[in-house]
Amino acid sequence: MTLETPRLSSGARWMPGGSPGASARPESSPPGETPAAAPQGVADDPQRAVYRRVFLPLWGAAVGLQAGFLVHDVSAAWVITAAGGAASLVALAQTAATAPFFLLALPGGTLADLYGRARIIMIVAAVLSVVSATLAGVAAAGFAGPMLVLAVSLANGCGNALTTPAWQAMTPELIRGERLPGALALNSLGINIARSIGPVTAGFVLAWAGPPAAFALNAAFFAAVAATFGAVGLRASARPAASEGFWPALAGGARYVASERPLQVVALKATTFFFFAASFWALAPVVVAERLDGNGGMLGLMVGSAGVGAVTGWRILGALRRRLDLDGLMRLAGLVAAAALCLVPLAGHPAVFAGLQAALGFAWLIAFSSIHLAAQLRLPTWVRGRGTALYLIAIFGSMATGSALAGLVTDAAGLTVAYLVAGVGLLVATLVARQLKIAVTTASPTNAAPAEQKRDGDR
């Protein structure tokens, strides 16, 4: 059976504080792309069939991919903590996992625009599965020290930087119209579900069987992701016809994002939140070890509590969107996260710290889904992967920098000062960012690249 995937209608639009709407007007494929396929026999409601048969399996695989990254992150952080590493070295586990976005997110988005998004995810996940399986074997032999696990964290970060733009840009390719905002929000929820599944799973496996088993489980996650995108994604997603080389496409994407001030505003709003909020999870292993006298299992439960807050945020997100525009949602996320950060020094019991993790998970979902929606509704198809890379660089780049600085502040002045600096800093940044307004519009995915537009004008 051939799968045909309808594309996002250019009539889809998002009204801040309101509900999405869509036009039923059909659209042709963008220049340089081949149309994706749709399930036969579902002409009465093709989007529902695509959502169930294509998007949800791929969404589940994307959650599994993120969960795999987090299984490693928690395991790596605990290996370093158990080895007596300083707080700055522990925080480097998150920095190593996020820093590659600085260099690789835009090239990853370019590859996704040129050579097929599902294919990139499949290949990268397969490679990471081999890397994790190798680490598991080395750890079982007793040779996995802090530097080695940090090196694998860096490799995972490179894989994340290459696959995340591809998946985020792939969603509007699969889902259109009134279902698109919900699908984009589901992507944000998926990241937070992974933040629950991954750390909790890592915690139980660490407590039960140790780091080698956790790394082996991580390899299994990646292998399953590669198999799913190979079986479903390659048939369901469009494979762009690469009409230009990699370097011209990379330069074209850079010129586009440099000229789009509204996208730059979205990226800056992301930076104001994630730079400070990253301290919460970067320093969580230190809080568990020094303040709560816990182990790897407790760390997994504490970090996984963020998923509870994310699910709560998901359940009320629709109601919040009816009351607040995207700027208001970002302010809400910033204020909640700032309060949680400032209260961490008072968290002398695991249940209190878990509650604060849940509050941050709630804020994280609100912020990420708002940034993601604002950007995706602006991006035309020809540059969607590269435009997606812009705000992902802002998010993960600010997380990498914020995590490293939080570790340094902790070494110099202690946990209490580090969390208070992050909390107060986020509060101030949130209030200052009120001057930046997110401009929301819907770009037609059939918009041609500038070269195509110029040729049309010449004719």
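1. Start with the contact between helix 3 and helix 14. On the helix 3 side it involves Phe101, Phe102, Ala105, Leu106, Gly109, Thr110 and Asp113. Their partners in helix 14 are Arg384, Gly385, Arg386, Ala389, Leu392, Ile393, Phe396, Gly397 and Thr401. By class, this contact holds eight nonpolar, five polar and three charged residues. Bear in mind throughout that the model is predicted.

2. Now the geometry of that pair. Helix 3 spans residues 101-115, and helix 14 spans residues 384-413. Their axes come within 8 Å and cross at roughly 160°. Angles over 145 degrees count as roughly antiparallel, so helix 3 and helix 14 are roughly antiparallel to each other. The crossing of helix 3 past helix 14 is right-handed.

3. Next, helix 6 against helix 11. Helix 11 covers residues 296-323, while helix 6 covers 180-209. The two pack at an angle of about 165°, and their axes are 6 Å apart. Helix 6 is therefore roughly antiparallel to helix 11. Here the crossing is left-handed. The contact residues divide into 15 nonpolar, nine polar and two charged.

4. Which way do helix 8 and helix 9 run relative to each other? Helix 8 takes in residues 246-259, and helix 9 takes in residues 261-282. Their axes lie 5 Å apart, at an angle of about 80°. Angles of 65 to 115 degrees count as roughly perpendicular, so that is the relation between helix 8 and helix 9.

5. Helix 8 brings Tyr256, Val257, Ala258 and Ser259. Helix 9 brings Arg261, Leu263 and Gln264. Four of the contact residues are nonpolar, two are polar and one is charged.

6. How many cavities of 30 Å³ or more does a search of the whole structure find? The search returns five.

7. Take the largest cavity. Its lining is made up of 28 residues. Nearest its centre lie Leu70, Asp73, Gln94, Arg195 and Met399. Helix 1 (residues 46-82) provides the largest share of this lining, six residues. By class, the lining of the largest cavity has 19 nonpolar, seven polar and two charged residues.

8. Helix 1 gives the most, with five residues. The lining of the second largest cavity divides into eight nonpolar, six polar and no charged residues.

Technical notes. Residues are numbered from 1 along each chain as its sequence is written. This is a predicted model: local features need pLDDT of at least 70, side-chain atom pairs count only at pLDDT 80 or more; totals for chains, interfaces and linings use all residues. Side-chain values use heavy atoms; hydrogens and water are left out. Axes are lines fitted to C-alpha atoms, for helices over the stretch in contact, and angles run from 0 to 180 degrees between N-to-C directions. Helices (H or I, at least four residues) and strands (E, at least two) are DSSP runs, numbered from the N terminus. Angles under 35 degrees count as roughly parallel, over 145 as roughly antiparallel, 65 to 115 as roughly perpendicular and the rest as oblique. Contact means heavy atoms within 4.5 Å. Ala, Val, Leu, Ile, Met, Phe, Trp, Tyr, Cys and Pro count as nonpolar, Asp, Glu, Lys and Arg as charged, and the others, Gly among them, as polar. On a 1 Å grid over the protein atoms alone, a cavity is a set of points where a 1.4 Å probe fits but cannot get out, and a pocket is an open set with protein on both sides within 12 Å along at least five of seven lines; lining residues have an atom within 4 Å of a point. Grid points are joined across faces, edges and corners, and a volume is the space filled by probe spheres set on the points. A crossing is left-handed if the near helix is turned anticlockwise from the far one by less than a right angle, and right-handed if clockwise.
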